[in-house]
Amino acid sequence: MTSRYRSFESSQGLNSLTPRRRTVVKAAAATAVLAGPLAAALPARAATDAPAFLHGVASGDPLPDGILLWTRVTPVPEATAGSGIGPDTEVSWVVAKDKAFTTVVAKGSTTATAASDHTVKADIRGLEPATDYWFRFSAGGTDSPPARTRTAPAADAAVSSLRFGVVSCANWEAGYFAAYRHLAARGDLDAWLHLGDYIYEYKSGEYAARGTVVRPHAPANEILTLADYRIRHAKYKTDPDLQALHVKAPVIAIWDDHEFADNAWSGGAVNHTEGAEGTWTSRQAAAKQAYFEWMPVRPAITGTTYRRLRFGKLADLSLLDLRSFRSQQASTASGSVDDPDRTITGRAQLDWLKAGLQASDTKWRLVGNSVMISPFAIGSLTADLLKPLAKLLGLPQGGIALNTDQWDGYTDDRRELLDHLRSHAIGNTVFLTGDIHMAWANDVPVDAGTYPLSASAATEFVVTSVTSDNLDDIVKAPEGTVSAVASPVIRAANRHVHWVDTDRHGYGVLDITADRAQMDYYVLSDRTDPRATSAWVRSYRTRSGTQKVERTYDPV
């Protein structure tokens, strides 16, 4: 692919904070490790007042003629993230067709200020479609690392294939981000999708790896204020594996709950105590502002992450915001989950999604979806497995047939969307999902109770967590042993589920051609090892026109 962009836009921040929490193990015991002083949390730098690019560079939201570039400059040593201090600093950027920057196609400058935490965004336009570019930033004689990015194909281009990395749920204190390192090493990605929980909001030690902090984050407290959220984003952006992936390919990101607080909804979150932790309105505003400052994401509608990108005639990608507009999660399994007045999307977003899917003229309609849309009944799990599974999903531990934080808790929205797909004969819709800390390959049935006699309206590929605890971690059992028992029971109770791995950490690689969309699932050897290896474990695909998933025995 080839593309080139010109133009620029200065750094922007938007308002809003949103919390949620997975009722998984609150590392209530073990080693309460507190983060050290903020300065100690930052990478080492020379004892000089020269500006520095300590948080790397990134790009995102590729268009046929453009790309969004991002960095954060530290103008003087004391102007740490969240400090609210530091001088206005001119930051220039340059985009070239080669890593040596001999063929420059765009350049410009803007001013980084404390008001936007010295973050910078440049929205470059005038580039060529489907093209690799190199970019870097400069300030006060200091250059950032160079980075590669790539534009999307032209809207009417006949594209033979696309390849995306797919990740979610990367908890700093639970381990190292080897998944990012392995995706960066591939060198074959058009972009990578982050489906939510890019950061976590907890205080240090509250949610770690089987109750143990692998590496402390900053700040040590639960993040509540704008400064807190900025510092937490900054800490994550110092991770070398995350920086490595950001310099290799553009990211396409949506948020889920932990960018705010656990199990966030429009008016609050499970992990938010109104009054004692300030107002939800203020916290949500702070979280959203920090997110848009620190992430290379274009808000198509101010304050939200729902938007649509197109990749030639092969695929378009509808990206959802399932936290800003949703009703509060139902507290029981009966009645309220089917209430037509409750919503996960909000009316405007659901209408936008339906209209976009119906109007699409691409071969594939991808949906970036932060929580699982496929129905999920727990089935007859034994008590020793039901309790930890309920804990992972945030369910009453006496057992209940669905996770009310997912689409299962908003069945009227799901019914309306799936009926729309069926009644308008909209095929080749693939939901790409994170959140649940397990890997799944699902058909999305119109009526789960009668499936497979009833129709499948779409398919869904769910990726596991990069580091966050999954089922074997909660049980504290050897990896793979819980899945060996739980997976057959889950599949027996959910006949649309082709595969579920409840235990391992890793990432996915989605490869799309006109004939099929295939997800290759990769697992990590040890999330607590910064040198963890990666191995392919399974692949599933949906062939064009089928709306069903099938196993395939080789990665692309």
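Modeller: Happy to. Let's start with α3, whose buried residues are Asp 228, Tyr 229, Arg 230, Ile 231, Arg 232, His 233, Ala 234, Lys 235 and Tyr 236; buried means under 20% relative accessible area, with a 1.4 Å probe and protein chains only. That is nine of the 11 residues of α3, so the helix is mostly covered. Helices here are DSSP runs of H or I with at least four residues, strands are E runs of at least two, and both are numbered from the N terminus. This is a predicted model, in which local features need pLDDT of at least 70 and side-chain atom pairs count only at pLDDT 80 or more, while totals for chains, interfaces and linings use all residues. Residues are numbered from 1 along each chain as its sequence is written, and side-chain values use heavy atoms, leaving out hydrogens and water.

Now for the neighbour. The axes of α3 and α5, lines fitted to C-alpha atoms over the stretch in contact, come within 8 Å and cross at roughly 35 degrees, on a scale from 0 to 180 degrees between N-to-C directions. On the α3 side, Leu 226, Tyr 229, Arg 230, His 233 and Ala 234 make the contact, meaning heavy atoms within 4.5 Å. Among their partners on α5 are Arg 283, Ala 286, Tyr 291 and Trp 294.

Notes: Buried means under 20% relative accessible area, exposed over 50%, partly exposed in between (1.4 Å probe, protein chains only).
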